Amino acid sequence: MFGKRARDLFSGENPQIGEIPVAINTEGFRVKNGSWKSEASQSVAKQGKQTHSEIVVYNALGQKNAGGPFLIKQDAFPCSECDGKFTGQSISVVFKITANNGSYSADHGLGQVMGAHQFPYYIWYHGGTKTAGTNQAAPAGFPAIPNVANV
């Protein structure tokens, strides 16, 4: 079973809508026939917690009854609240971060300015833990998946 959807994890909260300086673009993939298949995308320039691009894409992937693992390719880091929610999920998710739109890298202890040589940056969420860095190889225990480097 997919488990609790991220949208449901934010229920009961009253998110504030705010402006971010650039759009955040997100694309979600799941494994189909041994390769990654794009199944959802979102681009937002105004957002509250329930409309963060990665939450919308994560929910869309779950609605397709895919059990994961999922790959979410995004040009921004997840904010600290989304990071906490993904860490707590039972479904394995890897983020491929291609840029630092929104400057959420600071939420991950990386400061607000990152050089181009630091991308892509990967965040692996699995079994209540988070592993992050520029290494494209899955951490120990992560389910077998196709290569994420060429997505």
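1. Asp83 and Lys130 pair through their side chains in a salt bridge, with 3.2 Å from N to O. A salt bridge here is a side-chain nitrogen of Lys or Arg within 4 Å of a carboxyl oxygen of Asp or Glu. Asp83 belongs to helix H3 (residues 80-87) and Lys130 to strand E6 (residues 129-133), so the pair ties together parts that are 47 residues apart in sequence. Helices (H or I, at least four residues) and strands (E, at least two) are DSSP runs, numbered from the N terminus.

2. This is a predicted model, in which local features need pLDDT of at least 70 and side-chain atom pairs count only at pLDDT 80 or more, while totals for chains, interfaces and linings use all residues. Residues are numbered from 1 along each chain as its sequence is written, and side-chain values use heavy atoms, with hydrogens and water left out.

3. Asp83 is buried, at 12% relative accessible area, whereas Lys130 is partly exposed, at 33%. Buried means under 20% relative accessible area, exposed over 50%, and partly exposed in between (1.4 Å probe, protein chains only).

4. How many salt bridges does a search of the whole structure find? The search finds three. Side chains of opposite charge can pair when their charged atoms come close.

5. Arg30, Lys37 and Glu39 are linked in a network of salt bridges. Glu39 meets Arg30 at 3.1 Å, N to O, and also bridges to Lys37, where the closest N and O atoms are 3.7 Å apart.

6. Arg30 is partly exposed at 21%, and Lys37 is partly exposed at 35%.
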